[in-house]
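Please look over the notes below with the model open beside them.

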Amino acid sequence: MQHQQKQITAAEETKRALACLNTISEAIPDLLLVLDENGKYLEIFSANENLLALPKDQVIDKTLHEVLPKEQADFFLVWVRSVIKDGDTKPIEYPMVTSNGTLQFEARGRHLWTPENG
């Protein structure tokens, strides 16, 4: 019984943390992406979906190579893997075609330390 209660409490805390992150992300004009080492989009937080190349629901669970042109996807995948490997915050500037035309972006990548299978 205690184990179940701990699981329920952990799930509720996770839900609250995600709601908080969603609220914070909607208050800033930036786009927040969570990608894995294979360039798969795990999460997207943004109040402005016009910053995306495609609608959010067409991006989640896809890889960079499924969403972006090959050259651009290759470029970002090298950068993502470098960020994960080094564990440091790494800045990058790049142009990208969006629904609002070609825009210049500045990004910072940071490795999210998560437990194995977490």
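1. A residue is called buried under 20% relative accessible area, exposed over 50%, and partly exposed in between, with a 1.4 Å probe and protein chains only. L18 is partly exposed because its relative accessible area is 38%.

2. This is a predicted model, in which local features need pLDDT of at least 70, side-chain atom pairs count only at pLDDT 80 or more, and totals for chains, interfaces and linings use all residues. Residues are numbered from 1 along each chain as its sequence is written, and side-chain values use heavy atoms, without hydrogens and water.

3. How many aromatic pairs does a search of the whole structure find? The search finds 3. Rings of Phe, Tyr and Trp (its six-membered ring) pair if their centres lie within 6.5 Å; planes under 30 degrees apart count as stacked, over 60 as edge-to-face and the rest as tilted.

4. The ring centres of F75 and F76 are 5.5 Å apart and the planes meet at 65°, so this pair is edge-to-face. F75 is partly exposed at 43% relative accessible area, whereas F76 is buried at 7%.

5. F76 and Y94 also form an edge-to-face pair, because their planes are at 85°, with centres 4.7 Å apart. F76 belongs to helix α3 (residues 70-86) and Y94 to strand β3 (residues 90-98), so the pair ties together parts 18 residues apart in sequence. Helices (H or I, at least four residues) and strands (E, at least two) are DSSP runs, numbered from the N terminus. Y94 is buried, with a relative accessible area of 13%.

6. Ring pairs join F75, F76, Y94 and F105 into a cluster.
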